[in-house]
Protein chains: 2
Amino acid sequence: MNPSLPTSTDDVRDAGALRYGQAVALDGSVDLVHGGRLDEVTVCYESWGRLNAARDNAVLICHAISGDSHAASHDAEDTPGWWEHLIGPGKPVDTDRFFVICMNVLGGCRGTTGPNSVNPATGRAYGPDFPAITLEDIVDVQARALTKLGIDRLLAVVGGSLGGQQALVWGTRHGVRVRLVVPVATAPRLSTQALAFDVVGRNAIMSDPAFAGGRYMESGGTPATGLAIARMLGHITYLSREAMDQKFEADRLRPHDIVTEFEKRFSVGSYLAHQGNKFVERFDANSYVTLTLAMDMFDMGREAASLRRAFADSPCRWLLLSFSSDWLFPPRQSCEVVDALVAEGKRVTYCELPSPAGHDAFLLPDEVERYGSLIGARLEQELLGEVRTHGPTRCALSDMPTVRSDSSPTVFAKARRDYDRILELIPAGSRVLDLGCGEGELLSRLRSRGHEGLMGIDVAEARIIETARAGHEVIDHDMNEGLPQFADGAFDVVLLSQTLQALPNVSLVLSEMVRVGRRAVVSFPNFAFWKIREMLYKEGRSPKSVGEYGYEWHNTPNRRFPSIADFEDFCAKQGLVVHRAVHLDSEAGEEVAEDPNRNADLSIFVLSR
Amino acid sequence: MNPSLPTSTDDVRDAGALRYGQAVALDGSVDLVHGGRLDEVTVCYESWGRLNAARDNAVLICHAISGDSHAASHDAEDTPGWWEHLIGPGKPVDTDRFFVICMNVLGGCRGTTGPNSVNPATGRAYGPDFPAITLEDIVDVQARALTKLGIDRLLAVVGGSLGGQQALVWGTRHGVRVRLVVPVATAPRLSTQALAFDVVGRNAIMSDPAFAGGRYMESGGTPATGLAIARMLGHITYLSREAMDQKFEADRLRPHDIVTEFEKRFSVGSYLAHQGNKFVERFDANSYVTLTLAMDMFDMGREAASLRRAFADSPCRWLLLSFSSDWLFPPRQSCEVVDALVAEGKRVTYCELPSPAGHDAFLLPDEVERYGSLIGARLEQELLGEVRTHGPTRCALSDMPTVRSDSSPTVFAKARRDYDRILELIPAGSRVLDLGCGEGELLSRLRSRGHEGLMGIDVAEARIIETARAGHEVIDHDMNEGLPQFADGAFDVVLLSQTLQALPNVSLVLSEMVRVGRRAVVSFPNFAFWKIREMLYKEGRSPKSVGEYGYEWHNTPNRRFPSIADFEDFCAKQGLVVHRAVHLDSEAGEEVAEDPNRNADLSIFVLSR
């Protein structure tokens with residue numbers, strides 16, 4: 001790793017803090033969503049790379065609450081930006097190929113109009129008179145600034161945290177101007193807990209006597225104590241409990257000897273005091289109040305139905321990312337957005353990245369390494385309209401250890417003898433949902449046959465990323481929880497290829513398949529195949545199916561051992577209609593007609609309800 | 001439920017806030033652990049019930065940071081206490097049978113000597129000159145007060161949160177005076193995250209200009225803002241995210257119209273403001289600083305080895321309880337204590353109670369209903385030296401739905417045909433660890449045969465509670481994670497009765513069994529039993545073992561289907577020595593000598609490494 005690059009979020013946070021870059025003044029006044037007007041608005045921004053002739057390679061980066069436009073360095077002498085590992089020449093958001101722009105947000109204190117800008121009506125800083133703004137206002141100002149800059153269409157909007165909320169607004173409010181939306185580590189509204197932390201932070205600021213009702217600038221003071229306490233609180237929420245222990249436990253009673261009025265008895269205390277004090281030097285209290293309130297009031301809907309309405313008209317393609325240990329914007333909240341998009345039939349991909357780092361994970365080099373390639377691949381796909389086809393030169397990600405793999409293991413990855421027959425059973429042009437899609441091989445074969453409306457589901461990060469990099473939509477979801485995000489009949493075909501035998505919740509998954517798909521296609525190894533019968537009957541050995549290499553009774557991911565007869569009984573009892581059943585002797589490569597329950601080692605059923 | 005009883009933690013928190021009860025002055029001064037001395041110490045307390053003639057029925061209740069001695073009401077006219085559902089006539093801590101006492105803590109502000117007590121040296125309140133105290137000092141003062149009251153021995157010490165920390169200190173520092181220690185929802189040291197919240201809270205208090213270096217009493221003021229902010233923070237940490245959403249989401253933008261200087265834009269904000277303001281009326285800022293510091297400095301050890309040393313000499317019996325959604329004192333931290341006690345061979349029982357309520361769960365009536373019976377049973381057992389024997393009239397708890405049952409399901413609960421033979425294979429007097437102990441039937445049979453040093457492991461709350469109520473030590477632990485808390489050879493025999501077939505991690509569990517036990521005894525259904533063979537061979541049906549009532553291939557908790565031959569191979573490969581193998585035809589009730597892999601439906605192996 002380049003040692004000059006930031007290696008922790010603390011470095012990142014302060015990177016290039018005072019670099020404002022370029023500015024653009026909007027024409028005319030800005031009417032705010034909740035009433036109020038700003039007569040003059042200037043937007044400060046930075047940019048990287050060049051807009052191409054078609055003007056279709058612009059990527060907007062949206063920053064988090066205490067971030068700024070300095071997302072990346074501009075040259076070797078420049079200070080690193082807060083997303084340095086994501087953005088730059090040859091990096092995932094490749095500034096050799098894309099025109100990248102990042103604007104300081106409205107209401108902030110980094111150059112774009114905010115509470116410490118001059119109010120043209122009075123000639124003095126707005127201070128507490130700066131009107132209440134919303135995420136919609138922030139994004140509308142960005143949209144107008146881009147128009148003024150001659151950028152009508154964005155290839156993508158990418159942002160994390162508050163930046164992710166901006167991306168959500170872009171994709172719904174200005175969706176016609178954006179092709180790809182990438183909200184990272186964000187939520188359609190804050191949890192009550194996150195809201196509560198903001199409330200306490202604002203209480204600390206606004207009850208600091210130096211706040212003076214927000215008019216501290218007039219006296220030359222600043223509510224340093226309150227703002228520092230709000231920032232300390234923020235820092236606690238940015239880290240996971242695990243990450244905090246890892247960072248401070250060994251030296252609990254050995255604080256850094258910093259200059260501060262705050263308690264520095266514990267190492268974590270000296271860290272928080274340092275962060276609080278530093279923040280006061282570079283951030284404005286009225287801006288913090290303004291932006292946290294915008295965040296707190298942001299609400300795309302609490303119920304599934306209202307969230308669906310919010311996303312119903314979005315024409316964009318979506319890519320959402322969350323982090324397993326993020327408790328400020330927990331993965332469940334990204335899922336709510338994904339579920340709404342899925343329910344509305346949008347093109348959406350989602351991955352929950354396993355990480356111990358908490359909310360800050362989205363800024364960390366190691367995590368960017370992992371998810372950056374996915375963002376980069378999607379940007380390329382959108383720019384070129386091309387998708388990578390599966391081939392032998394697959395990226396190293398496929399060798400990464402999988403997480404939560406127990407929920408959907410597949411022991412047949414190298415022996416997909418059923419694929420050809422499955423493909424024959426799927427009518428041309430069908431929209432297909434592949435449950436446990438692995439690395440997307442079957443989806444790629446369907447796509448090369450001309451299918452559209454394809455989607456995969458899996459639970460392992462590496463498989464999801466690989467499927468997504470191949471250009472497919474894929475959702476991080478455990479099918480054993482059902483498929484509630486999918487409407488009845490959302491797909492022509494729902495596939496379950498050689499995963500039945502590893503499912504905890506067989507009955508739920510099957511009933512969901514025939515609800516969501518007009519047809520369900522299920523393939524599984526027949527455990528009453530004569531070789532397996534003889535294994536048990538003659539040798540007295542635990543049944544082991546064909547292709548189950550390297551596993552024994554005690555470590556196979558398989559936990560169900562149905563025969564064809566068992567599965568037929570199950571279908572009858574569950575009221576599933578069997579339209580076709582294809583039974584194979586996969587070693588011989590032949591279809592089995594006679595006594596398949598004895599002679600077939602693999603079966604494919606086509607079902608409906 | 002009696003409607004006059006408190007039904008939420010908010011009611012409980014303020015219950016009887018101003019009732020101090022009796023007082024006892026200690027003889028002589030108190031030397032503090034970290035230096036410093038208190039020349040005069042008075043302890044205020046309340047008590048319920050009567051000390052018996054043997055003076056062996058005293059139960060000490062320890063309160064949390066903002067609690068007090070009013071743990072329960074004294075009569076029908078009295079205000080309810082904070083543990084009203086646990087303590088009282090006929091309740092789990094039955095004041096008809098036990099003498100119950102609860103003391104206000106040293107350093108607090110509820111009557112026992114603390115910062116707002118008069119310093120005899122100056123004639124004025126201590127204020128900020130009150131010395132730094134530790135949990136050890138708090139407990140030492142309780143111990144001296146009890147001595148003065150003529151109570152040399154405690155039947156039990158029971159406490160939650162800060163009260164649980166007091167229980168931990170009692171069991172280690174004054175263990176010879178206590179028979180049973182019950183730490184609830186607590187930790188051997190705070191997590192860095194919990195510590196960080198305390199630090200921010202203290203910063204808010206101490207940077208409030210009204211704090212005046214702690215001398216606010218001299219000017220008649222109080223750091224109301226800082227103390228309220230600290231309390232708001234506390235309240236966020238007492239609830240789980242889920243509980244907070246449930247409480248405030250529907251009315252997010254409809255705050256209560258309370259009188260407060262704090263923000264009341266959101267319902268959660270008005271709640272926090274109300275809690276903050278109320279707290280200022282009843283709590284002293286210097287006490288809050290004193291007690292949070294005592295909590296933050298409390299440290300029984302970070303590493304397993306130091307924790308073991310802390311508990312090595314404790315002669316007590318232990319019962320620990322935690323709550324699944326408690327993120328302030330997460331279950332993992334209770335496990336650390338349990339692991340240390342187990343490693344030191346102590347008598348300990350532990351249950352993680354599934355609850356969505358967060359840290360506050362320990363105060364909630366519904367949760368008290370669930371864990372109270374366990375505390376009550378243990379108190380009875382300690383008082384009478386008797387244990388309930390298993391009989392047909394089992395409590396309704398056994399019908400409760402189990403949680404995490406997937407990790408260790410048992411389909412054979414009603415068909416334990418192997419018990420008699422297993423008992424014959426266990427040498428008289430052996431110390432036995434029963435993995436997946438169910439409701440403790442086998443442990444009870446061993447006990448009635450005179451065995452001591454028995455222990456069970458399970459993962460389902462209902463089974464753990466039932467086993468513990470039967471008087472056994474039982475640990476809430478998933479054996480699939482191994483048995484790292486147990487020393488090599490800690491038991492003579494480690495049992496795994498008809499659970500092998502449901503284990504994800506067969507190899508790890510078996511290797512741990514022969515490490516922890518001098519012998520491992522494993523029973524399992526033989527899936528090469530001739531009836532099962534025929535089921536597959538002749539009928540082409542998924543194998544289903546004897547006794548597997550009500551399950552089909554698609555919903556059985558079984559996931560492994562070993563034959564005797566398979567298991568023998570496995571033992572050979574893993575280097576496990578087979579000392580005995582007993583093969584049964586359990587329907588005939590006979591031992592099988594000839595071709596057991598065909599003729600036995602159940603086998604028992606005695607193994608070692």
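Let's start with Arg598(A), which is partly exposed, with a relative accessible area of 26%. Its salt-bridge partner is Asp595(A), and the closest N and O atoms of the two are 3.6 Å apart. Asp595(A) is partly exposed as well, at 39% relative accessibility. Please keep in mind that this is a predicted model.

Why would two such side chains pair up? Side chains of opposite charge can do so when their charged atoms come close. Over all chains, the count comes to 84 salt bridges.

Let me show you two in chain B. In one, Arg189(B) meets Asp299(B), with the closest N and O atoms 2.9 Å apart. This pair links distant parts of the chain, 110 residues apart: Arg189(B) sits in the loop between β12 and α4, and Asp299(B) in the loop between α8 and α9. Is Arg189(B) buried or exposed? It counts as buried, because its relative accessibility is 6%. Asp299(B), by contrast, is partly exposed at 38%.

The other joins Arg421(B) and Glu591(B), again with 2.9 Å from N to O. Arg421(B) counts as buried at 13% relative accessibility, while Glu591(B) is partly exposed at 48%. Over in chain A, salt bridges with shared partners build one network from Arg179(A), Arg317(A), Arg347(A), Arg378(A), Glu382(A) and Glu473(A).

Now, on to where the two chains meet. How many residues of chain B are in contact with chain A? There are 79, and they touch 79 residues of chain A. Together the chains bury about 7000 Å², with 59% of that on carbon and sulfur atoms. Arg241(B), Tyr537(B) and Trp553(B) supply 12% of the area that chain B buries here, more than any other three residues.

There are also 10 salt bridges between the chains. One of them pairs Arg541(B) with Asp566(A), at 3.5 Å from N to O. Polar contacts across the interface come to 36 residue pairs. Several helices of chain B each supply at least two residues to this side, including α4, α5 and α17. The helix that gives the most is α4(B), with 10 residues. By type, the chain B side divides into 40 nonpolar, 16 polar and 23 charged residues.

For a buried helix, have a look at α15 of chain A, residues 461-469. Why can we call it largely enclosed by the rest of the structure? Because nine of its nine residues are buried. The covering elements include β14, α12, α14, β16 and β17 of chain A. After the helix comes Gly471(A), with a positive phi near 100 degrees.

Last stop: two single residues. Ile61(B) lies in strand β5 of chain B and is buried, with a relative accessible area of 1%. Its contacts include Trp82(B), Trp83(B) and Val158(B). Thr95(A) has its place in the loop between β7 and β8 of chain A, and it counts as buried too, at 10% relative accessibility. Around Thr95(A) you'll find contacts such as Trp48(A), Ile87(A) and Pro89(A).

Conventions
Residues are numbered from 1 along each chain as its sequence is written. Chains are lettered from A and ligands numbered from 1 in the order in which they are written. This is a predicted model: local features need pLDDT of at least 70, side-chain atom pairs count only at pLDDT 80 or more; totals for chains, interfaces and linings use all residues. Side-chain values use heavy atoms; hydrogens and water are left out. Contact means heavy atoms within 4.5 Å. Buried area is the accessible area (1.4 Å probe) that two parts lose on being put together, summed over both. A salt bridge is a side-chain nitrogen of Lys or Arg within 4 Å of a carboxyl oxygen of Asp or Glu. A polar contact is a pair of N or O atoms within 3.5 Å; within protein, one must be able to donate a hydrogen and the other to accept it, and residues adjacent in sequence count only if both atoms are side-chain atoms. Helices (H or I, at least four residues) and strands (E, at least two) are DSSP runs, numbered from the N terminus. Ala, Val, Leu, Ile, Met, Phe, Trp, Tyr, Cys and Pro count as nonpolar, Asp, Glu, Lys and Arg as charged, and the others, Gly among them, as polar. Buried means under 20% relative accessible area, exposed over 50%, partly exposed in between (1.4 Å probe, protein chains only). Lists of a residue's contacts leave out its neighbours within four places in sequence.
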